[in-house]
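These are my notebook entries on a structure that I had not examined before. I record what I looked up, entry by entry.

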Amino acid sequence: MLDELFNKIVDMDEEGAVSLAKEYLEKGGDAQKLLDVCRDAMAVVGDKFEKGEYFLSELLLGGEIFKGIMELALPMIKEGEGKKIGKMVLGTVKEDIHNIGKDIFKAFAEAAGFEVIDIGVDVPVEKFVDAVKENKPDLVGMSCLITAGISSMKKTIEAIKQAGLTEPKIIIGGGRVDEEVKEFTGADAWADDAAKGVRLCKELMGVEG
Amino acid sequence: MCAKSPDELAKERLARIEAARNLEEPDRVPLSGIGGDIIPAYAGITQHEFCYDYDKAIKAIEKYLRDFPSDMPGGGFSGLDGRAFCIAFSEFPDLSPAFTLVSGPLHDALGDKYYRYPGREIDENASPQFIGGTFMQPEEYDQLIEDPVGFIAETILPRACTNLETKRKAMATWVRVGMEISKAGPAYAELGKILAELGYPSMPMGWGYAPMDIIGDFLRGISNAVLDVRRYPDKVKKAIDALTEPVIQYSLATVQGGAKIAMFPLHLNEYLSPKLYNEFYWPSLKKVIMRFYEEGVKSQVFFEGHHEPHLETILELPKGWGVAYFEKTDVVKAKEVLQGHTCIMGGIPMSLLVSGTPQEIDDFIKDLLKKMKPGGGFILAAGVNVAPANTPPENIHALIEAVEKYG
């Protein structure tokens, strides 16, 4: 049954996947096992995107399917039972109010096993710094769509480092981000799509595949 | 060397641009000016002032264009896509073009939820931003299909604009909107005069839009529109079909003053697989482009993001249909596919202008133009023409000099 669910997720059968997950849980299936299967399936969706077989529409739908199944499964998983591979503070930087890219990334990062603390959009520099102080994340993810976000990212990264918070690795993401922007802002990694972003987050954490 | 008169400069620039658009090799590769947040920043005014005060905006644009000349001005007044309003007014060709770009003052008058303007919802120095939203439920596709103009005008806009919520409020709002539009007229005329003094050719611009983007940008929101393609494919397809004729009506209204080129900003192209693009997005977009073509108007389509997977579809258009403006698509690769068929525009990553050195920019442009210049049909432009406020001016000078040297 779980194999079938895996295939339905990878094949983007939203209705089929969600109803099968429901049936599995109703029959007393293990919610944690279900979640693991969903995670594996989401990783395959990400791979297909990176290979050019899938596009943003499939990432969006994959995220929706995952959210739909999580809603069913999460109440049945005991606190602390699901192991996390890392903690991340995530937000869209100051002066940029866009959330679509951040939200797609978040769905895939959670699916990959990250605990994501989403601090929203148009996030002031100080709020990023405070969130890092408070949550002590392994990673900080910054998103932007508009070009003004480039300098906001630079300022935010500088402020985090100046506050002595040099532990977390910083990854930047968004449509206008590239290698040049990474160098300019002082980030540790960059991605312009969610699949690559999650892969790099795992690499930054030293997690396999 | 004698300085050229504005008229001479304008003629030279026009010939250069037209040669490129007509797939010929001009005297040098034309440069489309760099614009964006740097324009108010360079004049020392806030984004809010730039968006709300025509006099200050005109002075800022003039100062910027004087110091950073190019073949096509990179700067103009601020405005964000207002195509839902254009569709609502599509039966009135004298009015529909006025809503193509919604300015800060129009945003205030409408009280809409589509935009965020500096000094209003966001910081006075932030860029104006389009946020869109979900103003239509999936059950309402049938109403949209049945009467797209009526549904947008009478159901969607009152939801999307607080100042159109009731008929009484709407009466006052449309009067205020009309007053604002009539203020913009003289400002545009004044800007036109300054552009002529600076040697820019008069090039009236028309506007087009991809019908499916109306659904993503103004009705269902981007994410929902993309998901709807999977969840309600037949409804989405019918809705796109229903929207196509109003989009064409509006688009033709924008060129009734004699414009020979029409700009298309695209939004959902990058989201879709080739299969979905060809099934949902492209056929109606192609129809709008072809209507312009039949009227003797070229289209300049901004293919946002990565358009590589869909490049071949451009060849379905007749040779010389217009200009493909690319953001992240590699223009050198695009040239291999499109040379002799489509004028290509783009090539400069904004990140290079923001964080590179003048020498790096010189090297980059030299290398790029070596590949792109032969055979013509190329307009050099920034992939996304929004230079951030802190873009080093020396980098833009370096770009302008490099084009003179290697173009």
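**Strand pairing in chain B.** I looked up Q300(B) and found that it stands opposite V323(B) in β8(B). Strand β7 (residues 298-303) of chain B is joined to strand β8 (residues 322-326) of chain B by five bridges, and the two run parallel. Strands count as paired if DSSP finds at least two bridges between them. I note that helices (H or I, at least four residues) and strands (E, at least two) are DSSP runs, numbered from the N terminus.

**Source of the model.** I note that this is a predicted model, in which local features need pLDDT of at least 70 and side-chain atom pairs count only at pLDDT 80 or more, while totals for chains, interfaces and linings use all residues. Residues are numbered from 1 along each chain as its sequence is written, and chains are lettered from A and ligands numbered from 1 in the order in which they are written.

**The sheet.** I traced an open sheet of six strands in chain B, in the order β5-β6-β7-β8-β9-β10, with parallel pairing. Its edge strands, β5 (205-207) and β10 (378-382) of chain B, each pair on one side only. From one strand to the next the twist averages 25 degrees. Helix α12 (residues 233-254) of chain B lies across β5 and β6 (261-265) of chain B and runs at about 170 degrees to β5(B). Axes are lines fitted to C-alpha atoms, for helices over the stretch in contact, and angles run from 0 to 180 degrees between N-to-C directions.

**Chain B as a whole.** I counted 17 helices and 10 strands in chain B. Its C-alpha atoms fill a box of roughly 65 × 45 × 35 Å along the principal axes.

**Two helices of chain A.** I examined helix α2 (residues 14-26) and helix α4 (residues 56-73) of chain A, whose axes come within 10 Å and cross at roughly 15 degrees. α2(A) is therefore roughly parallel to α4(A), a term for angles under 35 degrees. Among the residues that meet are A17(A) and L25(A) in α2(A) and I65(A) and L72(A) in α4(A); contact requires C-beta atoms, placed from the backbone, within 7 Å.

**Where the chains touch.** How many residues does each chain bring to the contact? I found 24 from chain A and 32 from chain B. The largest share of the side of chain A that touches chain B, five residues, comes from α4(A).

Technical notes. Parallel < 35°, antiparallel > 145°, perpendicular 65-115°, else oblique. Contact = placed C-beta atoms within 7 Å.
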